[in-house]
Amino acid sequence: MDNKLLTSLVFSSILLTLFTSTYAQNCSSHLFRNNNIFATCNPLPVLNCFLHWTYHSANHTVDLAYRHGGVTDSDWVAWALNIGGSRMLGAQCLVAFRNSSGQIHAYTSPISPSSYQTQLREAPLSFRVPRIAAEFTNNEMIIFATLELPSGSSTSFNQVWQNGQVSGQSLVIHRQSGDNMRSFGTIDFANGQTSAGAGGDSASSRQRRRNTHGVLNAISWGVMMPMGAVFARYLKVFKSANPAWFYLHVACQTSAYAVGVAGWGTGLKLGSDSVGIKFNTHRNIGITLFCLGTLQVFALLLRPKPDHKYRLYWNIYHHTIGYTVIILSIINVFEGFDALNGQKNWKRAYIGVIIALGAIAVLLEAFTWFIVIKRKKTSVSDKYPNGNGANGVNAYANREV
């Protein structure tokens, strides 16, 4: 074997050993301020967390300490067992954060087994927790608790851990990407084993649905709708584009509506899976857009002929609803990027698209006004070749002097 390769492998092994031993030492040799000692300690795979515990087989109870590092006193942390399910649905949580009076508050909070909608409100768990307390020191939140495991249950459970920010007295939803979506696994209190989750199966699926929802709606409501309006407003000025501009407008808007309905459908599913109430504004605007877009589709079917006496009122209605949809669409796309949490590149790309569409609209606005004004002057010159009206005055003067 090549000496350089051998040296590299040995050096890498030493670094890995040092890193692993340091990480394990941070777990097993940690000294608590209250001098608590636990029989077992395992580092959790993500979010810089450690779980210490002692299992008492005689009464099927567990004394534990959950350490969550790398947080501030404006963050909340939570660790949970899931007795009959997996991941977050049905999780029985231990939660801690610094309240408005400056005190570290630790409490229990169960999550519904059928919905992710939760604000981690204080309530009893499905098993007794006779003792719970917490402390914050050196950017680390520690929760101490005693759990009375359900009678007749095994000692192996699914576990979940999380952290997020605190706003006033409200616990803000945790990040929906990265390690926060991989913070789950299993624990066996009796044999002292923990294992990581299986790679975020439902989390990655949910993230894919979010991405699909975002792409569909950004393209349909956020890009195609404004493009359709550009076709209708500016192309019809050119005589050679008639009636092509109308078919382009209809094709673009109906395609945008069809794609938008697909995105709206994925949004309905995501709405039932989202934690907390952070997405209420985004959801409400989305529902409004769907209703207004549907009205526009029906309005197309009921469009009067150009010389109909009600055509003016239909035009006012159609333009008002259309521009309202475009404005709300752009606003809601940005609401969606905020909900995706961390998709800054997508947001920048969309900002670039909107700036480009805006610049094109401004240029076409100026150009079409130039054409309209020039066309009017040409029309006047053709009607009055000498530049005078019927009585020797210009065409814009009164016929009678």
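Helices here are DSSP runs of H or I with at least four residues, strands are runs of E with at least two, and both are numbered from the N terminus. Residues 214-232 are likewise 100% helix and 0% strand, with 26 Å between the end C-alpha atoms. Where do these spans come from? The unreviewed UniProt entry lists residues 214-232, 285-302, 314-334 and 349-373 under "transmembrane region". UniProt positions are given in the numbering used here, with feature names shortened, and such annotations may be inferred rather than shown by experiment.

A word on the model itself. It is predicted, so local features need pLDDT of at least 70 and side-chain atom pairs count only at pLDDT 80 or more, while totals for chains, interfaces and linings use all residues. Residues are numbered from 1 along each chain as its sequence is written, and side-chain values use heavy atoms, with hydrogens and water left out.

**The strands**

Let's turn to β5, which is mostly covered, with six of its seven residues buried. Buried means under 20% relative accessible area, exposed means over 50%, and partly exposed is in between (1.4 Å probe, protein chains only).

| Strand pair | Sense | Bridges |
|---|---|---|
| β4 and β5 | antiparallel | five bridges |
| β5 and β6 (residues 104-110) | antiparallel | seven bridges |
| β7 (residues 131-137) and β8 (residues 140-148) | antiparallel | seven bridges |

On one side of β5, Trp79 has Leu94 as its bridge partner; with β6, Gln92 is bridged to Pro110. β5 and β6 make a hairpin with five residues between them, and Gly102 in that turn has a positive phi of about 90°.

The β7 and β8 hairpin has two residues between its strands, and Asn138 there takes a positive phi near 50°. Asn139, in the loop between β7 and β8, also has a positive phi, near 55°, and is not a glycine. Asn139 is partly exposed, at 46% relative accessible area. Within the strands, Ala133 finds its bridge partner in Phe144 of β8.

His60 is another non-glycine residue with a positive phi, near 60°. His60 lies in the loop between β2 and β3 and counts as buried because its relative accessible area is 14%.

**Asp63 and its partners**

Asp63 is found in strand β3 (residues 61-69). What do its side-chain atoms pair up with? There is a polar contact with the side chain of His56 at 2.8 Å, and another with the side chain of Thr146 at 2.7 Å. A polar contact is a pair of N or O atoms within 3.5 Å; within protein, one must be able to donate a hydrogen and the other to accept it, and residues adjacent in sequence count only if both atoms are side-chain atoms.

Leaving aside neighbours within four places in sequence, Asp63 is in contact with Phe38, His52, Trp53, Thr54, His56, Arg131, Ala145 and Thr146. The C-alpha atoms of Asp63 and Ile132 are 9.9 Å apart, although 69 residues separate them along the chain.

Not counting residues up to four places away, Thr146 touches Val62, Asp63, Arg128, Val129, Pro130 and Arg131.

**Cores and cysteines**

A nonpolar core is a set of buried Ala, Val, Leu, Ile, Met, Phe, Trp, Tyr and Cys residues joined through side-chain atoms within 4.5 Å. The largest one has 30 residues, and Leu64, Tyr66, Trp79, Leu81, Leu94, Leu147 and Phe189 have the most contacts inside it. Two or more residues of this core come from each of β2 (49-56), β3, β4 (75-82), β5 (92-98), β7, β8 and β9 (156-167). The largest share, four residues, belongs to β8. A second, separate core has 14 residues, among them Met224, Cys252, Phe290 and Val325.

Trp79 has contacts beyond its sequence neighbours within four places, including Leu51, Leu64, Tyr66, Leu94, Leu147, Trp161 and Phe189.

As for the cysteines, Cys252 is buried because its relative accessibility is 10%, whereas Cys291 is partly exposed at 42%. Taking a disulfide as a pair of cysteine sulfur atoms within 2.5 Å, the count comes to zero.

How values were computed. Contact means heavy atoms within 4.5 Å. Two strands pair if DSSP finds at least two bridges between them.
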